[in-house]
Amino acid sequence: MQVLLLDGFVAGFSQVMFALGIAFAIYSVLINSSFLILTGLALSDLLAYRRRVDFAGYDEWFLDPHTRGVSVLMPAYNESATIVQSVQAMTSLRYPDFEVVVIDDGSKDDTVAKMVAEFDMVEVPLVPGGRIATKGEVLSTWVSRRGSHNLALVAKGNGGKADALNAGINYSRKELVCMVDADSLLDPQALLDVARPFADDPGRVVASGGVVRVANGSRVQRGRVTDLRMPGGWLARIQVAEYLRAFLIGRAGWSRLGGLLIISGAFGLFRKDVLLEVDGLATDCIGEDAELVVRIHRMLGDEGRDADVVFVPEPVAWTEVPEDRAVLRKQRRRWHRGLTEIFVRHHRMLMRPRYGVIGMVTMPWFLFFELLAPIVEVFGLAYFVFLMVGLGLEHLFFPSWDVVNVPIVVLLLSASILFACFVTLVSLLAEEVSFRRYRGLPDLFRAMGAAVEENFGYRQINAWWRLGGIVEVLRRSRHDWGDMQRKGFGGT
């Protein structure tokens, strides 16, 4: 009798394990297939962009006196290590009509002092043109006495990055608003690249985003990346592969499909009137940049307006990524918490035809293959470990039972890892064929190595960190934006 009960238990347990294995297999097939489609769309978009760029006429456009003006907003909080180089890069951009507005969000270091001294700034009472409410009080406003640079500084009390950007929108004077991180470095032609869609289709385009690339380990001179090098640390190298995959494959593919959901806060361009319509960025959402784009899509859908949010695949912005594991953990947890909060706020957009591709395709995909991915990855890893341990116990105590199909489990795991490597290698190929920023075989081989080593340890711990972001939302924990300690860019 006991033997029959035990056999029944083992049979039921085997069925449960088999069903879980099938579920993980289906999930893996679906996410890999969707990435394959995105890869095809991204390559198509990249090829189309490369064909157009030769006939873009940037020189003529640069000389056009009717080009739409751009206000570049740079929120800064304790950015003393990089603020001078970043502002130097911004003020020397190649664009016919732009201004730079730095918003200091209550820095505790000497960010403001460095700005005032380096750019010969004088305090003047500027009048805001927008009425977006801000939490931090504006304490002073400054302008540079160097007449060739349209440079302003807004010093305010601490209210967070979104609050600083809202203050910047209020004090901006141009038709288009470009949001960048204070630690970002832009290529000289960055604004011409990212603003081009507004000139090509001014009636439809409401926002555009550019590529953000990793500058760690590279040589920087006067705010310009002059010698791009692959970072020496493995953590930064893996993030190079991540950024290339996310932008050259993920966002390029979604843009081609007409369903771009995210524009990086490190570099994005928006119509100012649209920002005022949606009351700027949300100050109570930790993923304020992505939430802004979703809210714009929601407004457009609710009002039945036909408009586009697009992606420009030119590598234009450079940033410093975390090389400390604790800082990176906070960043990834914060990003995923932001994504979770966005879905909590805007879940009514899911599967609603009025929101077009965003509601019917993009948001369901992000829900199942981005938001829920760390849950599946963590429990999938636990499932695999449990099966391997169970296999040893099974053969030790019950050699006649066959609960685990080892070849199938190993095959599925290997296929998932190989496909992840494939997608990253495709993004590296796209970079090498189109832009060739990394010179020489050693850097290329290091990047290829990062595409492989990412899947052994880093990917799993990253899933655990992201899972923590979901848990924070469920527990309604207090927002923690974190404080990344900058090392500063190399060079002069």
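This is a predicted model: local features need pLDDT of at least 70, side-chain atom pairs count only at pLDDT 80 or more; totals for chains, interfaces and linings use all residues.
User: What share of the 492 residues counts as buried?
Analyst: That would be 54% of them. Buried means under 20% relative accessible area, exposed means over 50%, and partly exposed is what lies in between (1.4 Å probe, protein chains only).

User: How many helices and strands does the chain have?
Analyst: There are 14 helices and 13 strands.

User: Why is helix 6 called largely enclosed?
Analyst: Helix 6 spans residues 190–200, and nine of its eleven residues are buried, so the rest of the structure largely encloses it. Among the buried ones are L191, D193, R196 and F198.

User: What makes F35 and W365 an edge-to-face pair?
Analyst: The structure holds eight aromatic pairs. For F35 and W365, the ring centres are 5.6 Å apart and the planes stand at 80°, so the pair is edge-to-face. The cut-offs for Phe, Tyr and Trp rings (the six-membered one in Trp) are centres within 6.5 Å, with planes under 30 degrees apart counting as stacked, over 60 as edge-to-face and the rest as tilted. F35 sits in helix 1 (residues 2–53) and W365 in helix 11, so the pair ties together parts 330 residues apart in sequence.

User: Are F35 and W365 buried or partly exposed?
Analyst: One of each. F35 has a relative accessible area of 21%, so it is partly exposed. W365 comes out at 10%, so it is buried.

User: How do you know that W254 and W365 are edge-to-face?
Analyst: Their ring centres lie 5.4 Å apart and their planes meet at 70°, so the edge-to-face label applies. W254 belongs to helix 7 (residues 234–257) and W365 to helix 11, so this pair ties together parts 111 residues apart in sequence. W254 has 6% relative accessibility, so it counts as buried. Ring pairs link W254 and W365 with Y27, F35, F366 and F369 into a cluster.

User: Why is M360 called partly exposed?
Analyst: Its relative accessible area is 34%, so M360 falls in the partly exposed class. M360 is also in helix 11, where the buried residues include G359, M363 and L367.

User: What makes R68 and E175 a salt bridge?
Analyst: Their side chains meet at 3.0 Å, N to O. The rule asks for a side-chain nitrogen of Lys or Arg within 4 Å of a carboxyl oxygen of Asp or Glu, so the pair qualifies. R68 is in the loop between helix 2 (58–62) and strand 1, and E175 in the loop between helix 5 (161–171) and strand 6 (176–180), so parts 107 residues apart in sequence are tied together. R68 is buried at 19% relative accessible area, while E175, at 43%, is partly exposed. The whole structure has 26 salt bridges.

User: How do you know that D163 and K156 are buried?
Analyst: D163 has 0% relative accessibility and K156 has 1%, so both count as buried. The two form a salt bridge, with the closest N and O atoms 2.8 Å apart.

User: Where do R337 and E472 lie?
Analyst: Their side chains meet in a salt bridge at 3.2 Å, N to O. R337 lies in helix 10 (residues 325–346) and E472 in helix 14 (residues 441–475), so the bridge ties together parts 135 residues apart in sequence. R337 is buried at 3%, and E472 is buried at 18%.

User: Why is D279 called exposed?
Analyst: Its relative accessible area is 55%, so D279 counts as exposed. D279 is in the loop between helix 8 (272–277) and helix 9 (288–302), and has a positive phi of about 60° although it is not a glycine.

Note on methods:
Residues are numbered from 1 along each chain as its sequence is written. Side-chain values use heavy atoms; hydrogens and water are left out. Helices (H or I, at least four residues) and strands (E, at least two) are DSSP runs, numbered from the N terminus.
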